[in-house]
Amino acid sequence: MFRRILIANRGEIALRIIRACRELNVETVCVFSEEDRGGEYLDLADRAICIGAAAPRESYLKSDRIIAAAEVSGSDAVHPGYGFLAENAAFAEKCRACNIEFIGPSAESMRLLGDKASARTVAKKAKVQIVPGSDGVLEDDNETLQVADRVGFPIMIKASAGGGGRGMRVVHDKTDLLATLKQAKQEASGAFNNSAVYLERYIERPRHVEVQIIADHHGNTVHLGERDCTLQRRHQKLVEESPSPAIAPRTRADLCAAAVKLAKAANYNSAGTVEFLVDVKGRFYFIEVNARIQVEHPVTEMVTGLDLIKAQIRAAAGEPLEFSQKTVTFHGHAIECRINAEDPDEKFRPCAGLITKFRPPGGHGVRVDTYAHDGARISPKYDSLLAKVIVHQPTRPEAIRCMQRCLAEFTIEPLKTTIPFLRKVMEHPHWLSGEIDTGFVERTF
Ligand code: MV4
């Protein structure tokens with residue numbers, strides 16, 4: 001096991017990782033920006049090191065400073081959390097070149113999966129169902145017209161370097177295809193410094209279902225079931241649950257087996273998530289891989305009883321998984337609500353500031369992951385995620401009831417938060433029946 005881990009992140013996930021390390025008897029060094037100086041979560045690390053100014057480019061994205069902090073503090077590994085440098089293959093490579101283990105997959109599998117067109121190729125080779133579309137990136141107008149004819153409209157053009165909803169365009173009619181292609185390539189070039197795009201059939205009213213996988217350095221790859229993350233707004237997830245209310249047992253088995261096949265094909269050896277779209281007929285299609293631990297990982301921890309951060313750290317340290325597919329069991333239903341410092345009445349505009357009163361919910365089957373507290377200052381310069389409420393109950397209706405109770409209990413003053421919005425969601429008949437798609441929030445609220 002590692003002696004000391006540097007945490008290259010902030011807020012709730014930094015705290016989540018600090019706690020896992022403490023239980024593993026691993027020392028922690030947490031980096032912070034000037035903006036986060038004095039944050040109480042930093043007190044729980046053994047050491048905190050300032051790495052620069054507030055802007056992520058000046059601190060949490062400064063790979064050289066983070067590696068320097070790891071070296072001066074004698075850290076033997078870096079945990080990137082999510083966001084920032086978590087899926088940066090060059091950073092993973094630099095860490096390892098400095099003899100610091102990067103707690104995540106190999107740079108090679110990150111590159112293979114980070115490029116979405118390349119991930120499609122891996123999936124196809126592994127015989128995992130992909131959305132009908134181009135073989136890799138689109139080379140020219142001629143190929144684009146040909147593939148579009150074969151696939152049929154509507155189609156979606158996506159940036160290879162995109163992901164998470166960035167750099168995508170829908171084309172409904174052949175007459176718009178080449179103009180949209182040109183726009184998409186220009187946009188991709190500007191946003192990602194990479195103009196490569198590919199094409200897929202556009203799946204209407206899909207659900208977003210993802211499979212958690214974990215693999216060690218000894219060839220063991222295990223899935224930990226799925227999470228349904230259909231309830232989103234503008235590609236920001238708001239509610240996640242497991243199991244998915246929209247998946248038949250047979251489909252679940254196929255979906256999870258597909259995720260494991262894909263992970264094995266990419267020589268994946270850490271915690272990761274394989275994302276699928278599920279169409280209205282219940283067919284699923286691979287779309288992308290998230291080569292990191294995700295915000296919503298606690299949902300899976302609740303239904304499996306496993307600590308994913310510990311499992312991920314142990315795998316990075318070269319230990320074999322402590323469980324196998326046969327010994328992993330699934331119990332009950334878990335739901336997570338993301339509490340963001342945003343005003344739902346003002347188009348979810350970020351609302352940062354000082355929290356004077358913070359009273360999180362508690363009770364049976366309730367977990368709150370947060371770095372907030374009375375007197376905490378929530379910065380407008382970072383992600384507005386303030387807390388995650390995760391509930392675990394025997395059935396979905398009981399979990400919903402418990403979440404309603406938790407949201408009613410939760411007091412955060414004086415900031416605007418997503419709590420009132422989430423309370424409306426938890427009462428909505430379509431949410432209660434589980435009959436939603438990725439357009440639910442925009443259509444309904
Ligand atoms: C799609 C799609 C429809 N058809 N691909 C958005 C995020 C990125 N991970 C993939 N996304 C989509 N890809 C095809 N071929 C619709 C979406 C999409 C979506 C997906 C998941 C969750 C929410 C979404 C909201 C809008 C569009």
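This is a predicted model: local features need pLDDT of at least 70, side-chain atom pairs count only at pLDDT 80 or more; totals for chains, interfaces and linings use all residues.
View 1. Strand β13 runs antiparallel to strand β16 (residues 333-340), to which 4 bridges join it. Within this pairing, V239 stands opposite C337 of β16.

View 2. A search of the whole structure finds 0 disulfides. C256 takes part in no disulfide, and its nearest cysteine sulfur, that of C229, lies 13 Å away. C256 has a relative accessibility of 1% and therefore counts as buried. For C337, the closest cysteine sulfur is that of C406, at 9.0 Å, which is too far for a bond. C337 likewise counts as buried, because its relative accessibility is 0%.

View 3. P243 is placed in the loop between β13 and α8 (249-265). P414 is found in the loop between β24 (411-413) and α12 (419-425).

**View 4. Positive phi values at R205 and F348.** R205, a residue other than glycine, has a positive phi near 45°. This residue, R205, is in the loop between β8 (197-201) and β9 (207-215). With a relative accessibility of 49%, R205 counts as partly exposed. Phi of F348 is positive as well, near 60°. F348 is in the loop between β17 (342-343) and β18 (349-350). F348 is buried, its relative accessible area being 11%.

Key
Residues are numbered from 1 along each chain as its sequence is written. Side-chain values use heavy atoms; hydrogens and water are left out. Two strands pair if DSSP finds at least two bridges between them. Helices (H or I, at least four residues) and strands (E, at least two) are DSSP runs, numbered from the N terminus. A disulfide is a pair of cysteine sulfur atoms within 2.5 Å. Buried means under 20% relative accessible area, exposed over 50%, partly exposed in between (1.4 Å probe, protein chains only).
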